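Here is a short note to read alongside the model. Please keep the coordinates open as you go through the points.

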Amino acid sequence: MPNSPSDRSAPPQRVTVQRKGPLLVEGPVEVELEDGSVVRSDRFRVALCTCRRSRRYPWCDTSHRDRA
């Protein structure tokens, strides 16, 4: 499995944590949801929703932002 903990030759994936925002993950990524289904993104960086307000969950659609 590529990028597994035992594969020391692969570079680590970077995850960026933001206080009031999504988790930014360097892609491509596969995300396993609670129901066991898997969604995939081939983008170079993805934003994962942490507030669960997104209509595109698990992808962030900026619903976490305070509206003026």
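1. A polar contact is a pair of N or O atoms within 3.5 Å; within protein, one atom must be able to donate a hydrogen and the other to accept it. The model under review is predicted.

2. Start with Ser-54. This residue sits in the segment after β5 (45-48). Is Ser-54 buried or exposed? Its relative accessible area is 9%. Ser-54 therefore counts as buried, since the cut-off is under 20%.

3. Look next at the polar partners of Ser-54. A polar atom of the Ser-54 side chain lies 3.0 Å from the backbone nitrogen of Arg-56. The side chains of Ser-54 and Asp-61 are joined by a polar contact of 3.5 Å.

4. Which residues does Ser-54 touch, leaving aside those up to four places away in sequence? They are Cys-49, Trp-59, Cys-60, Asp-61 and Ser-63.

5. Now the second largest pocket. It holds about 190 Å³ of space. Arg-56, Trp-59 and Cys-60 are among its lining residues. β5 gives the largest share of the lining, three residues. By class, the lining has five nonpolar, three polar and three charged residues.

6. Last, Pro-12. It is found in the segment before β1 (15-16). Pro-12 has 71% relative accessibility. It counts as exposed because the cut-off is over 50%. The C-alpha atoms of Pro-12 and Glu-26 are separated by 9.6 Å. Along the chain, Pro-12 and Glu-26 are 14 residues apart.

How values were computed:
Residues are numbered from 1 along each chain as its sequence is written. This is a predicted model: local features need pLDDT of at least 70, side-chain atom pairs count only at pLDDT 80 or more; totals for chains, interfaces and linings use all residues. Side-chain values use heavy atoms; hydrogens and water are left out. Helices (H or I, at least four residues) and strands (E, at least two) are DSSP runs, numbered from the N terminus. Buried means under 20% relative accessible area, exposed over 50%, partly exposed in between (1.4 Å probe, protein chains only). Contact means heavy atoms within 4.5 Å. On a 1 Å grid over the protein atoms alone, a cavity is a set of points where a 1.4 Å probe fits but cannot get out, and a pocket is an open set with protein on both sides within 12 Å along at least five of seven lines; lining residues have an atom within 4 Å of a point. Grid points are joined across faces, edges and corners, and a volume is the space filled by probe spheres set on the points. Ala, Val, Leu, Ile, Met, Phe, Trp, Tyr, Cys and Pro count as nonpolar, Asp, Glu, Lys and Arg as charged, and the others, Gly among them, as polar.
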